[in-house]
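Student: I want to learn how to read a protein model. Can we take it feature by feature?

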Amino acid sequence: MAIKNNRLTPEQYNENFTDLHTPFESRDAALTEVNRCLFCFDAPCTKVCPTSIDVPKFIKQINTGNIKGSAFTILSSNILGGGCARVCPVEKLCEGSCVLNKELEKPIQIARLQRYSTDMALEKKWNLFERKPSIGKKVAVVGAGPSGLSCAHGLSRQGIDVTIYEKESKAGGLMTYGIAAYKVTPEFCREETDFIISLGGIEILYNQELGKNLSLSELQKNYDAVFLGIGVGLTRQLEIPGENLEGVVDAIRFIYGLREEGFAKTAVGDQVAVIGMGMTAIDAATQAKRLGAKEVTLVYRRTENEKPCTDVELEIAKLDGCKIIWLASPKEIISENGKVKSLVCSKMELGAPDESGRRFPFDTGETFTLEVDMVIKATGQVPYSDLLQNSGIELTKGKIRIDANHTSNIGNVFAGGDCVNGGKEVVDAVQAGKEGAKSILKYLGIIE
Amino acid sequence: MADLSSNFLGIKSPNPFWLASGPPTDKKYNVMRAFEAGWGGVVWKTLGSQVKNVSSRYSSLDFNGHRVMGFNNIELISDRPLESNLREIKEVIREFPDRAVVVSLMADNDKESWHKLIKQTEDTGAHGLELNFGCPHGMNERGMGSTVGQNPDIAKMIVEWVMEVATIPVITKLTPNVHSVVPTATACVEGGTNALSLINTIQSITGIDLDSFVPNPSVAGKSTYGGYCGPAVKPIALKMLASLSVNKDTNKVPISGIGGIGTWRDAVEFMLLGATNIQVCTAAMKHGFRIVEDMIDGLNNWMDEKGFKTTTDFIGKSVPFMTKWENLDLNYHIVANINQEKCIGCGLCYIACEDTSHQSINLEYGKPYNTYTIKEEDCVGCNLCKLVCPVDECITMLEKRVGLEYINWMEYQKRGLPLNDH
């Protein structure tokens, strides 16, 4: 048993990380799907989309051959519409609410159609948006993730000069660093960012980290307003013995590593346990498997009914050959020569519902042991509260507290996305950035 | 097993499905394949003075992903040597003695040409003649085809020339490019035609290339009106057929129904409105001759289900239901009903009624699914909601008569009954 990299050939890596949701190959192929759409009025798919994309309209526009109009319909509601077409859990959003489900038919492949239009917009570099002439107002956006990019685009369209400060060397936030590579590639994230900033009026400064080489008070001084879209940080601690052993890794760091270093350079164990059952847990488990781990086991303390990931995600993990153990909670990580040797888990049972409404698991006292050489923790991310220490920003459980106008307790500091909601979907962050931009424009007296 | 055999003016065929005069019946090779596939008969592509055709010849209309909803052609009559056609007709009749072979004719506009062509055609052993008074492109510019069909006097004169020499049944094929088919049909019956067939194609432009701006089909960058056919024309053909079936001057002779037929259902509809048999062209051009298999099978099953032993049991059965608008019952009233268990919440009924009809559907907002219900007091029973609803039997129309007695518009006026006040 060992943790090592370079387990596969370049061809195997390519095959394992190829696009999960393939695009339509041709206009005819897309039209076959387009023509199934009923063109609903007050469509459920639009209503459940956090960014309210007018789905029937953009689909109809593909039908008429107005792809430019279709892309505008999507991107004017969600500037990361291309990325969301790849990473959105559509099975619980637009596609999950498609009325065809009620006829027990397959829903319209909305994400694939959205990708069809937005891919074309990116590929042809259409100038879909026009920036109003600069009005001499400056806004700083902290974080070039979905909420920051969305906010910046909304502001720049109205003639605001925007500077984005990003702590990493690439834009995209978790889109670039925290999502399975078979869903969205770093190259796509770069293209999408380029498309967004091609509007003009947006400058991204990289390797700028709040609390290190960047201070909120300086930004407040130098800009008319500040938008914080700093996301969330690493995984929550398990608080169990052995957590700091070599071979125990954080899911976010693991995914970051494989996306930043490349597949071949990312080390993975022979037998890997992944703790958690959210989207990130699935992304970590499937990718560990695809990197060449012999056995990957997802360990979750509740049952399938309470799992945070969608059925579709769980299915991906199962198809990848990941094992799943329900009602098991990590108790201790045992080492040998300083390395992970096994994971001791408590057997759990479900009790009464907790504050989330899900039945809460309790320890039965019984345990079992999994022979593993690597443990990946994916039990929810912790807010970057330390970045904001001494900044004067009020937090609630580490998350930035905002009012209905996305305003923090400091008048010209706005916030949105994971740093406010604690970690939701990309599409939620895009919407938060959009709303944040609107609030800033109101604050600056540019719109009513 | 129902008896599908058909007898049209003594021309017998194992089923009532003939291929119409057109590209599929232009030569022996195609007709042999058609008969092998099971077609009951053919009307051989129009013979006349040899012509020269252009390239391209066809264009079509697509609708929401379905190709060839409507089809347009600028092809003329057969461009093959007359002798080749006549020889092949003879050979086909010999090889398939149980099938009907009718030959479409369009001679030059003089009696001698018609007489000569009829003689030559009859020598092949053909079972009948169909006079092409309908071609609406090219031939009409030469005073033939639809130009004849649009002028009852000329049509009658040519029918009379034909009847002077014809010894086999004569069918006259009518053009729909008229305000009514009845005058020409009546004139042709007066001239002695044994039967009528309709419709030929409708003059059309199917569309325009938005890059070159040339209408379809393009022939070296120019276009001309073509003849329209295919599924899109079926409702027009049915109406024209019905107008002959209800007319006492024209319903004396049998009618062969043509226009957008592609399935047994279409065929049954034409026959219910009075067609003795039917002819198909476009559907075969889109899918090949194999479509006849389900036409035969479907008709057979339908006849068995309905208890019809022969096709004559149901031919014309729908004609008595046609009447004038002014005879319709004004006390009859229906209102829509939405079956909430079947409703999928697409809102198509609501937006159609709200924007374009009588605001008779109530919307109760829900996330993500709204609830739609009918405001019965406002519903006029127009059917629109039911027509746009994508779920079968979800919206049904319930009868809620306004009064017990039948009352038509004439009577309504006579009694001075109230009109709408809003």
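Student: In what order do the 3 strands of the open sheet of chain A lie, and what is the pairing?

Tutor: Keep in mind that this is a predicted model. To read a sheet, follow which strand pairs with which. Here the order is E10-E11-E12 in chain A, and the pairing is antiparallel. The edge strands are E10 (328-336) and E12 (359-371), each of which pairs on one side only. From one strand to the next, the twist averages 20°.

Student: How many bridges join E10(A) to E11(A)?

Tutor: Count 8 bridges between E10(A) and strand E11 (residues 339-353), which run antiparallel. For one example, find A:Pro330: its bridge partner in E11(A) is A:Cys345.

Student: Now the whole chain. How many helices and strands has chain A?

Tutor: Chain A has 17 helices and 17 strands. Along the principal axes, its C-alpha atoms fill a box of roughly 65 × 55 × 50 Å.

Student: Let me try one residue. Is A:Gly82 buried or exposed?

Tutor: Count neighbours. The cut-off for buried is 20 or more other C-beta atoms within 10 Å. A:Gly82 has 26 within that distance, so A:Gly82 is buried. This residue is found in helix H6 (residues 81-87) of chain A.

Student: Which residues does A:Gly82 touch, not counting those up to four places away in sequence?

Tutor: A:Gly82 touches A:Arg115, A:Thr118, A:Asp119, A:Leu122 and A:Glu192. Now take a distance across the chain. A:Val274 is 192 residues from A:Gly82 along the chain, and their C-alpha atoms are separated by 29 Å.

Student: On to chain B. Which strands form its open sheet of 4 strands?

Tutor: Read the order as E5-E6-E12-E11, with antiparallel pairing. Strands E5 (58-63) and E11 (202-204) of chain B stand at the edges; each has a single partner strand, so one side of each lacks a neighbour in the sheet. On average, neighbouring strands are turned by 45° against each other, direction ignored.

Student: How many bridges pair E11(B) with E12(B)?

Tutor: There are 3 bridges, in the antiparallel sense, between E11(B) and strand E12 (residues 226-229). Look for B:Ser204, which stands opposite B:Gly226 in E12(B).

Student: And the loop between E11 and E12 of chain B: is B:Phe213 there buried or exposed?

Tutor: Count again. B:Phe213 has 8, so B:Phe213 is exposed. B:Glu88 is 125 residues from B:Phe213 along the chain, and their C-alpha atoms are separated by 42 Å.

Student: Which residues lie on each side of strand E10 of chain B?

Tutor: In a regular strand, side chains alternate between the two faces of the sheet. In E10(B) (residues 195-198), B:Ala195 and B:Ser197 lie on one side, with B:Leu196 and B:Leu198 on the other. These four are all buried, so both faces are covered.

Student: Which strands pair with E10(B)?

Tutor: Strand E9 (residues 170-173) pairs with E10(B) in the parallel sense over 3 bridges. There, B:Thr172 has B:Leu196 as its bridge partner. Between E9(B) and E10(B) the chain passes through helix H6 (residues 182-191), and this β-α-β crossover is right-handed. Strand E13 (residues 255-258) also runs parallel to E10(B), joined by 3 bridges. B:Ser197 has B:Ser256 as its bridge partner in E13(B).

Student: Which residues of helix H11 of chain B are buried?

Tutor: An α-helix has 3.6 residues a turn, so residues three or four places apart point the same way. In H11(B) (residues 348-356), the buried residues are B:Leu348, B:Cys349, B:Tyr350 and B:Cys353. They pack against strands E16 (361-364), E17 (371-374) and E18 (395-399) and helix H12 (384-388) of chain B.

Student: Last one. How many residues of chain B are in contact with chain A?

Tutor: On chain B there are 15, in contact with 15 residues of chain A. The side of chain B that touches chain A has 9 nonpolar, 5 polar and 1 charged residues.

Key. Residues numbered from 1 in each chain as written. Chains lettered and ligands numbered in written order. Predicted model: local features only at pLDDT ≥ 70, side-chain atom pairs only at ≥ 80, totals over all residues. Buried ≥ 20, exposed ≤ 12 C-beta atoms within 10 Å, placed from the backbone. Helix = DSSP H or I, 4+ residues; strand = E, 2+ residues; numbered from the N terminus. Contact = placed C-beta atoms within 7 Å. Nonpolar A, V, L, I, M, F, W, Y, C, P; charged D, E, K, R; others polar. Pairing = 2+ DSSP bridges. Right-handed = clockwise from strand over helix to strand, strands pointing away. Axes fitted to C-alpha atoms, helices over the stretch in contact; angles between N-to-C directions.
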